[in-house]
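Welcome, and thanks for taking a look at this one with us. Below is a short tour in two stops: first the contact between two chains, then a set of annotated positions.

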Amino acid sequence: MNPSNDNRDINLDGRVFIPIENSAGGVVDDRTEFHFTQVGEQFQAVYSGGDIAQGHIIGRFSHNRTAQLLYHCITKNDALKAGRAEAQFTLSDDGQISMALDWVWVSGGEGSGASKYIEVVEAAQHR
Amino acid sequence: MNVLTHVPEDYDHADVPRCGWVPPTDRLYCYYHDSEWGRPIRDPKALFSKLIQDGQQAGLAWITILRKRDNFLKAYDGFDPDIVAQYDESDVLRLLDNKGIIRSKSKINATINNARIYVQMRNEGVDFSEYLWDFVGGAPIQNSWAEFKDAPVKSPESEAMSKALKKRGFKFVGPVILYAFMQAVGMINDHSTDCHVHAACQDTRKV
């Protein structure tokens, strides 16, 4: 980890995302909220809502706007699932971050897909 | 220019009521809030500088920019639009190589682009300060939020400013960024009513 590297132009710390698109076979939907924290190149998120009882992400940036991540969750049907994904981040002209995932299940599910998420903008981030 | 880059040694960030977004133990953040945020700025170049700083924040936390602000001001010649407008490819490479700033090519190019538009507007006889302040009728909008979280993230005024600046070709000027800019430069007084600076920012004088 390199905690002093804050030269990248995206930082997920304190940001909240919601899904706006997901492939069939995915389990999150627009009722699921993802709350991120980040230190250096590494980040985590907890997520819940919709069909998800609890979920967790760990990941790290590999390039400025690309990251690799692992995720696991317990659904409200008590199913344990886990997967990995590559994330691509984009930044709007208004500072809003979007995240696109190419994901694949590695346990508890089969197949792969793509999903997109958008940041929920909160006043405190923009003081 | 109303840009404060160092916290004076005698600054006392004692525990006084402040807006909820200010971490009370962060001296730099407290000083920025107490002495700069929400204080009306009328100087056109100072407004340009703040506009660029808010654009640099896109995707990041404001404290990241605040902590690097000295580096930014040195690297970008104080965000003086007359100087930045003359930057060429060698300046872009110099900035991309500067570890003290945000090394984003899109933000560097946007800063140079925006400086050139600022100069063009002035050459057309447009006073950048009057132009921006007109979006709030020339005087600060006075809000009375009990808590900072009650404040919106954008407003009809920031939407209108965004539309107008984008039409002129400015980059990183969405309505959320511009609402934060308008708060910071005192066009909108969004200090919470219990904040010790709220009353001091009730500047209703017109330009």
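The contact brings together 26 residues from chain B and 20 residues from chain A. Please keep in mind that this is a predicted model.

**The side of chain B that touches chain A**

- Helix 3 (62-75) and helix 9 (175-184) of chain B each provide at least two residues of this side.
- Helix 9 of chain B gives the most, with four residues.
- By residue class, the side of chain B that touches chain A has 16 nonpolar, five polar and five charged residues.

**The annotated binding site in chain B**

- An unreviewed UniProt entry lists B:Cys19, B:His33, B:His191 and B:Cys195 under "binding site".
- Although these residues span 177 residues in sequence, no two of their C-alpha atoms are more than 10.2 Å apart, so they gather at one spot.

**A closer look at B:His33**

- You will find B:His33 in helix 1 (residues 27-35) of chain B.
- B:His33 has 22 C-beta neighbours inside 10 Å, and therefore counts as buried, the cut-off being 20 or more.
- Leaving aside residues up to four places away in sequence, B:His33 touches B:Arg18, B:Cys19 and B:Val22; of these, B:Cys19 is also on the UniProt list.

**A closer look at B:His191**

- B:His191 sits in the segment after strand 2 (188-189) of chain B.
- With 26 other C-beta atoms within 10 Å, B:His191 is buried.
- Its contacts, not counting residues up to four places away in sequence, are B:Cys19, B:Gly38, B:Val197, B:His198 and B:Cys201.

Terms used: Residues numbered from 1 in each chain as written. Chains lettered and ligands numbered in written order. Predicted model: local features only at pLDDT ≥ 70, side-chain atom pairs only at ≥ 80, totals over all residues. Contact = placed C-beta atoms within 7 Å. Nonpolar A, V, L, I, M, F, W, Y, C, P; charged D, E, K, R; others polar. UniProt positions renumbered as here; feature names shortened; annotations may be inferred. Buried ≥ 20, exposed ≤ 12 C-beta atoms within 10 Å, placed from the backbone.
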